[in-house]
Amino acid sequence: MTPILFYGVPEGCSFGSIVALEWTGAPYRLCRVDMPGVVSSAAYRPVNPVGETPSLMLPDGRVMSESMAILNHIAARSVGKGFGFDPKSEKFDRLNQMLAFLNTGFFNAFSPLWHTVEHELEPQAKEALRAYGIAKVEKAHAHLEKLLGGRQWLLGDEKSFADAYFAGIARWNDFHQAVDRKKFANLDALYERLQEDPAVRFAWAIEHGEDAKTAGQFLGHVSLEEALGEIRQAA
């Protein structure tokens, strides 16, 4: 079976996994999952009991979740294409270090801001939580600017899956109008550079339901019902 990536809309962090699949040129399909309705429903639970995206159905029918795990899985199968690294290499360590920061530091910084959008709060509580979130986002941007260290890409001279994951999270700043990204020159330059990448443009078009031209081997969408059928068949 061809792998299926379950991606969340709108603004899902699964965006980075779509970009990664496009970069590798490996064949894959997509299953669109609306948030928060479908992703938290009983229908999606056989895919991911936690009710989150992304999830990736593998050719043998197994399903794995969590962006870091999925990106590392794809990278391990893309060593010859420059996106995966020997587990004993410095680049392997740096990729995992950067993915870990993006997941725990950068991603998590936006959590208070998402909470203000997804939950009904008293005005004063919402204002306080938003202020707290903005401070966390500001701090995370400053840390990432230091980690970037003037390099063109997060790991150095070549793009990696850390950049793909970054592309999906960094755009949340625009959604929440949190900080002025231009205050962080290297980070802003990386973000703008990624906006010109064909895979990033493809992922954005896919999310927004617009015409999307694959630069990889995207084989089309499947419904959740169809994907669940394939999972049951493989079990």
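This is a predicted model: local features need pLDDT of at least 70, side-chain atom pairs count only at pLDDT 80 or more; totals for chains, interfaces and linings use all residues.
Figure 1. Helix H8 itself spans residues 185-195, and its buried residues are Leu187, Asp188, Leu190, Tyr191 and Leu194. Viewed down the axis of H8, these buried residues fall within an arc of 160°, so they line one face of the helix. In general, an α-helix has 3.6 residues a turn, so residues three or four places apart point the same way.

Figure 2. With a relative accessibility of 3%, Asn173 counts as buried because the cut-off for burial is under 20%. A polar atom of the Asn173 side chain lies 3.0 Å from the backbone nitrogen of Val179. When residues up to four places away in sequence are not counted, Asn173 touches Phe110, Val137, His141, Ala178, Val179 and Arg181.

**Figure 3. Lining of the largest pocket.** The space in this pocket amounts to about 760 Å³. Of the 24 residues that line the largest pocket, Met35, Glu52, Phe107, Trp114 and Glu118 lie nearest its centre. Helix H3 (90-109), helix H4 (111-118) and H7 each contribute at least two residues to the lining. H4 provides the largest share, four residues. Sorted by class, the lining comprises twelve nonpolar, eight polar and four charged residues.

Figure 4. Pro10 belongs to the loop between strand S1 (4-9) and H1. Pro36 is located in the loop between strand S2 (27-34) and strand S3 (55-57). Met35 is also one of the residues that lie nearest the centre of the largest pocket.

**Figure 5. Positive phi values at Glu11 and Glu66.** Glu11, a residue other than glycine, has a positive phi near 60°. Glu11 lies in the loop between S1 and H1, the loop that also holds Pro10. The relative accessible area of Glu11 is 17%, and this residue is buried. For Glu66, phi is near 80°, again a positive value in a residue other than glycine. Glu66 occurs in the loop between strand S4 (63-65) and helix H2 (67-76). Glu66 is partly exposed, with a relative accessible area of 45%.

How values were computed
Residues are numbered from 1 along each chain as its sequence is written. Side-chain values use heavy atoms; hydrogens and water are left out. Buried means under 20% relative accessible area, exposed over 50%, partly exposed in between (1.4 Å probe, protein chains only). The arc is that of the directions from the helix axis to the C-beta atoms. On a 1 Å grid over the protein atoms alone, a cavity is a set of points where a 1.4 Å probe fits but cannot get out, and a pocket is an open set with protein on both sides within 12 Å along at least five of seven lines; lining residues have an atom within 4 Å of a point. Grid points are joined across faces, edges and corners, and a volume is the space filled by probe spheres set on the points. Ala, Val, Leu, Ile, Met, Phe, Trp, Tyr, Cys and Pro count as nonpolar, Asp, Glu, Lys and Arg as charged, and the others, Gly among them, as polar. A polar contact is a pair of N or O atoms within 3.5 Å; within protein, one must be able to donate a hydrogen and the other to accept it, and residues adjacent in sequence count only if both atoms are side-chain atoms. Contact means heavy atoms within 4.5 Å.
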